[in-house]
Amino acid sequence: MKKNYDDIIFMEHHTSTNHPRMPIEKRAAQFAPFAALTGFEQSIRETAKNFEEAVLNKEKGIKIE
C-alpha cells in the first residue's frame with residue numbers, strides 16, 4: 001500500500017510559462033499588515049476607561065447618568 005503523496009512528493013515544482021514569477025518585494029506586500037478595523041483599538045481603550053471610571057464612581061457612591 002502506498003503512503004499518502006508518494007506519487008507526487010518528489011515531482012518538480014510547476015513553473016508557469018504564461019505568467020512570470022512575482023518579485024519577492026511584491027509578494028511580501030500581499031501579506032503586509034493593515035488596519036482592517038480602523039479606530040477599533042482606540043474604541044476599546046475608551047470603553048475600558050469609561051467602564052473603569054463607572055466602577056470607581058459606583059464604589060464611591062457617585063451616580064453619573
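Leu37 counts as exposed because its relative accessibility is 57%; here exposed means over 50% relative accessible area, buried under 20%, and partly exposed in between, with a 1.4 Å probe and protein chains only. You'll find Leu37 in the loop between helix 1 and helix 2. Now look back along the chain to Asn4: Leu37 and Asn4 are 33 residues apart in sequence, and their C-alpha atoms are 41 Å apart in space.

A quick word on what you're looking at. This is a predicted model, in which local features need pLDDT of at least 70 and side-chain atom pairs count only at pLDDT 80 or more, while totals for chains, interfaces and linings use all residues. Residues are numbered from 1 along each chain as its sequence is written, and side-chain values use heavy atoms, with hydrogens and water left out.

So what is the chain built from? The protein chain has 2 helices and 0 strands, where helices (H or I, at least four residues) and strands (E, at least two) are DSSP runs numbered from the N terminus. Start in the segment before helix 1 (24-29), where Tyr5 sits. Tyr5 isn't a glycine, yet it has a positive phi of about 70°. Most residues other than glycine have a negative phi. Tyr5 also counts as exposed, because its relative accessibility is 57%.

Next, helix 2, which covers residues 40-60. Glu59 lies in helix 2 and, at 63% relative accessibility, counts as exposed. From Glu59 to Ala32 is 27 residues in sequence and 45 Å in space, C-alpha to C-alpha. Just after helix 2 comes Gly61, with a positive phi of about 85°.

Finally, step back to the whole chain. Its C-alpha trace spans about 75 × 40 × 15 Å along the principal axes. The radius of gyration is 28 Å, whereas a compact globule of 65 residues would have one near 11 Å; that radius is taken over C-alpha atoms, and the globule rule is 2.2 Å times the number of residues to the power 0.38. Buried residues make up 2% of the 65 residues.
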